[in-house]
Amino acid sequence: MASSTCHVMLSLLLCFMLHQSTQAIKQASFRIRSHSFGQNPTLADAEYVTNSHHNLLGPYVGSVEKAKEAIFYSYNKYINGFAAVLDEEEAAKIAKHPEVLSVFPNKPRQLHTTYSWSFLGLETNGAIGKPSIWKESLGQDVIIANLDTGVWPESKSFSDEGMGPIPKRWRGICQVDEKNLFKFHCNRKLIGARYFNKGYIAALGQTPFNTTRDYEGHGTHTLSTAGGSFVHGANVFGNGNGTASGGSPKARVASYKVCWPPTEGSGGCFDADILAAFEAAISDGVDVISLSVGSDIPSEFNESAISIGSFHAAAQHAIPVIASAGNNGPSPSTVSNFEPWIFTVAASTLDRAFNNHIILGNKRIRKGASLSESALPYTKFSPLISAADAKLAVATELYASQCQEGSLDPKKAKGKIVFCVRGGNSRLAKGIEAARVGATGMILANHNNSVNDVEADPHLLPSSHVHFNDGQYIFSYINRTKYPVASISRVGTQLGVKPAPFVATFSSRGPSPVEPSILKPDVIAPGVDIIAAYSEGVPPSEEEFDKRRTPFVTMSGTSMSCPHVAGVVGLLKSLHPHWSPAAIKSAIMTTAKITDNTGRPMLDSATKKATPFAYGAGHIVPNRAAYPGLIYDLSFIDYVNFLCGHGYTSLQIRQFIGKKYICPKEFDPADFNYPSITVTNFANASSSRNVTRTVTNVGSPRTYKVRVKAPPQVDISVDPKILSFKRKGEKKTFTVTFTLRPLRKQILEYTFASLEWTDGKNHVRSPIVIKHPLK
């Protein structure tokens, strides 16, 4: 039992809702000072804390009974806080209570596949070769948690065939609705499932189905990518046939449903639910947490449920948290989930393409991307029309050109191939609109050169997605031809596409909008046209008009790249169970590559040289990460000192650790022992700065020498230049000095460099970002 003097650390999530009475209502999560239960609180401990929450709130809402009604989550194990529905005055008053450390809104968040593991070197032609990390581990008995839209338990990706007993350390549950109307079940593979929707209900006033079953497909896709079993013969409507699996195919998986159907202008994943899921996952005993959820609007670390929940998981309980970087690229400073204790993942392409061809009436051929089931034979051309010319009288030309819902006229489009422009709505929705008006096919063209990647989607009609220049040619052909016609071929799978990988247009970019001294994203991984399991409770287009169902589908996004890294983290956790989250992150980052399959520097989708703001340390190479040689490690105190260096007060830091902490007199975030180095705050255009790092030997006794690649604007020196290690676990510290060279003319704000320690076998590389003072 906890003593009567134990303090509670309360974190209040607030979300404004206006009722018809115009009284402002808030859902809020309060964070209070931490309790003293240790790592394994008992049920009695948890009940004690919940009662303390009721007692604390009671005086502000009229009674303890009313407090019980207002509180919809009591975080009573590790995070220690509650989420409640209050009016504005009540929230303002309780925020002043000395035990309350923080109050922040119940904000909505957004959701951000067979061949990719071959592309990453884990298998070759369906076989696991000698260099593959899969020879040593398939992630056996590592428990991977996924915070997402739930799971489709019947998927073959979650078959428990050949799986042994569930690990005894697992403390989770398989949550079903009261009468199990949704027939949900778990097994020895899918060992747990929970749903969290009280924050969603409080914010939107809507009650979704109380089920962990996935009716959106996103969560099934991401969870199977991280830890799905081997499934032979997986394909999407006959395309991409092969063996599907997750990165850790023998891992146990658990689903935490925090995302529900979004409403107009609002995501369906709310902070209160996300925070509750983090606490549950920690309590259940998971080993890895994958989170393909984020926000388009950056917020301070102490104002985010993802930030606080992931801090408790990664910094305090040594559970790696992997999260998506976001899909708001290619604009700078759009990256989300930029906390240094989170492993942030950008998205790249594979060297596989699903192509078909458009044959125009002038016998010219243009290649596009698609996963359409059917084709329009070239022996019988179909009329071709621009969507803008097929618009309804009441529709705008822009809406019609984008094939937005209800914008096309069946009298004009029926029996024709409709030419649509990207933007405004989803790519699949455009095909649905074309099908609705009786079109025989669709051509989708990018709207400009800066967004020039094409993606293969399982369109309802014969369809093809083409690059901007090809779209311009087709559009010109339509306009200058009296009777334009075309056909669309069947889809074929092409391997060995070059260059690959390159950075996806949509992948969010750095620098971090909140803490530029930490390079984000951390790494890049496959995230375009990824095949993985899908919910058979929803069509692949997610449109009601579409009656198809499929057990596998392609998806694109950093939501897809994130679980690739989570799967690799599961492998390293299996091989090195005592490694910290920072050590695992370091191993993957410092062994990443920055070249494509042509041997040249990685590009972005506009064919320009990409930078670390797009790919972080580089593209993951799992086989190298298993034995990196050296790692950059971090402790709990290091993370707390980082918060000090970020400028947080003692009270703000208590929001994370629940107790008083005296910061060191000085702590420069640039000295945070991160695997990447970012140097800012130069005094002037010719000044110097020193940065320190400490590496730990995780291999045999070796001697490492340093190699530096520096831009012409900066001198970079390292002291010492040689590090000799006599034993595993030995640590060595080095200093990097940056001296700006005086230049006559204005230069770019940022330049990039790299530092590499090598013993001839291992290459431990760190990207360097240098921010120059502008004249």
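Cys 663 is partly exposed, with 26% relative accessible area (buried means under 20%, exposed over 50% and partly exposed in between, using a 1.4 Å probe and protein chains only). Its partner in a disulfide is Cys 644, with an S to S distance of 2.0 Å; a disulfide here is a pair of cysteine sulfur atoms within 2.5 Å. The torsion about this S-S bond is about -80 degrees, so the disulfide is left-handed. Cys 644 sits in helix α17 (residues 636-645) and Cys 663 in the loop between α18 (650-657) and β30 (677-679), so the link ties together parts that are 19 residues apart in sequence. Helices (H or I, at least four residues) and strands (E, at least two) are DSSP runs, numbered from the N terminus.

This is a predicted model, in which local features need pLDDT of at least 70, side-chain atom pairs count only at pLDDT 80 or more, and totals for chains, interfaces and linings use all residues. Residues are numbered from 1 along each chain as its sequence is written, and side-chain values use heavy atoms, leaving out hydrogens and water.

The count comes to four disulfides. Another of them joins Cys 403 and Cys 420, with sulfur atoms 1.9 Å apart, and both of these cysteines are buried. Cys 174 and Cys 186 form a right-handed link, with 90 degrees about the S-S bond.
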